[in-house]
Amino acid sequence: MFELKPMLSALWRNKVSALLIALQLALTLAIVSNASVIVKDRMEQVARPTGMDVENIIAATYMPIPTEYDMAGAVVADLDLLRSTPGVVDASVTNQIPLSGSGSAGTYFTEPNQEIGGENANYYQVDSHFINTLGLNLIEGRSFVPADEHVIGPNDQYHSKMAVVSKQFAEKLYPGESAIGKFFYSGANDNPVEIIGVVEQHLGAWPGWSRAGNVVFFPLLVTGNHKRYLIRTEPGQRDEVFKKVEDLLNERDPQRVVHVETLSENVQRTYISDNIMIKVLSLVMALLTFIVALGIIGLTIFWINQRTKQIGIRRALGATRANISRYFLVENALIAGTGLGLGTAGALIINQLMVSEFSQPALTLPLLAVCAIVLLLVSIAAALMPAMRAANISPAMATRSV
């Protein structure tokens, strides 16, 4: 029905050009499928829930000019001012701004005086308003209250006695059981930290970190050379409040330098490399697919021009237009199938190398199959127009002497 024998014979006579197209398809599938894995992984990272009300949060950082400065007093006065500002839901002080790419981390254990193993987590030094300010969902236990807070100097030795942790971190420390009321330890010491609350999610400072989502909050204010505030506004009020924050803080105390930004800006900066990679790889995949399509169109047209007389004879002997079109489409499918078969093997080999050497995500068979099907459809679509052109060759035109 599909005249495989004459097709294979024709392909063998033109084996070099057919092989080049097959290899081009194989290389395209190997690259496109592995690029798709990276794009999919990056898109999932960018789309992950942060656990925070990102769109309505403003971050303010200030550095006092005088060397002798009442940091603790300034924090209290600033937060009272910010919380009383129209459009503000709540405000808090913190040592680091979430999702900024800058933060602090520690290693924590479920037993005292341990140095090996443990679980790494991003930690924050915050006040009792922090969870409400970020809009975090407290799913177990309680939040901090003002009586839990402690103020220390940058060189003071103090170990927090309690903490609120993320659900992910709680499950790492105490899998399959509630972490409320249980303890953990920081490094090689025997100072227990009680877990008093668990929030559903918080990505922390580094969304690209392998431990992103492991977060610990301590009720602690460490005075130093700068401080950071987070301000959560009512929906739709962020931009209006943003215009006022710097002026409000400078009016209350002009002896400092204040920088204000939105948490959304931090997110955009944090994910800028991921978004660039997504766009670049998507463009590369589109260009490779387009080049393959052009190659198939060119080869099919070339073969049709070579076989014009043969097509005319077949038409004169009763072959229908559908027979002629089908011949070239099936011939193209044979080349594409060969190339995609080689490309499947190549894609898996390349992916194994990327996984082992560069810690890239593994290529799944369903994703590989989707990429192969898309390329097969592209190759068929590319051959369709030349095949229809061949079907319109009349017997009289094709049998003329050239």
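## Exercises on a predicted model

The backbone nitrogen of R238 lies 3.3 Å from a polar atom of the T233 side chain. Residues are numbered from 1 along each chain as its sequence is written. This is a predicted model, in which local features need pLDDT of at least 70, side-chain atom pairs count only at pLDDT 80 or more, and totals for chains, interfaces and linings use all residues, while side-chain values use heavy atoms, with hydrogens and water left out.

**Exercise 1.** Work out where T233 sits and whether T233 is buried or exposed.

*Solution.* Start with the element: T233 belongs to strand β11, residues 227-233. Helices (H or I, at least four residues) and strands (E, at least two) are DSSP runs, numbered from the N terminus. Next, look at accessibility: T233 has a relative accessible area of 1% and is buried. Here buried means under 20% relative accessible area, exposed over 50% and partly exposed in between, with a 1.4 Å probe and protein chains only. Finally, list the contacts (heavy atoms within 4.5 Å). Beyond its neighbours within four places in sequence, T233 touches N56, I58, G87, V88, V89, R238 and V241.

**Exercise 2.** Describe the lining of the largest cavity, by residue and by class.

*Solution.* On a 1 Å grid over the protein atoms alone, a cavity is a set of points where a 1.4 Å probe fits but cannot get out, and a pocket is an open set with protein on both sides within 12 Å along at least five of seven lines; lining residues have an atom within 4 Å of a point. The whole structure holds 3 cavities of 30 Å³ or more, and the largest has a volume of about 60 Å³. Its lining consists of I296, L299, T300, W303, F328, E331, N332 and I335. Both α8 and α10 supply at least two of the lining residues. By class there are 5 nonpolar, 2 polar and 1 charged.

**Exercise 3.** Identify which residues lie closest to the centre of the largest pocket.

*Solution.* This pocket has a volume of about 370 Å³. Among its 21 lining residues, Y158, H159, S160, S186 and F218 are the closest to the centre. Strands β3 (104-109), β4 (119-126) and β10 (215-222) each give two or more residues to the lining, and β3 gives the most, with 4 residues.

**Exercise 4.** Locate L99 and S359, which have a positive phi, and decide whether each is buried or exposed.

*Solution.* L99 is not a glycine, yet its phi is about 65°. L99 lies in the loop between β2 (88-94) and β3, and at 1% relative accessibility L99 is buried. S359, also not a glycine, has a phi of about 55°. S359 is in the loop between α10 and α11, and with a relative accessible area of 66% S359 is exposed.

Technical notes:
Points joined across faces, edges and corners; volume = space filled by probe spheres on them. Nonpolar A, V, L, I, M, F, W, Y, C, P; charged D, E, K, R; others polar. Polar contact = N/O pair within 3.5 Å; in protein donor to acceptor, adjacent residues only side chain to side chain.
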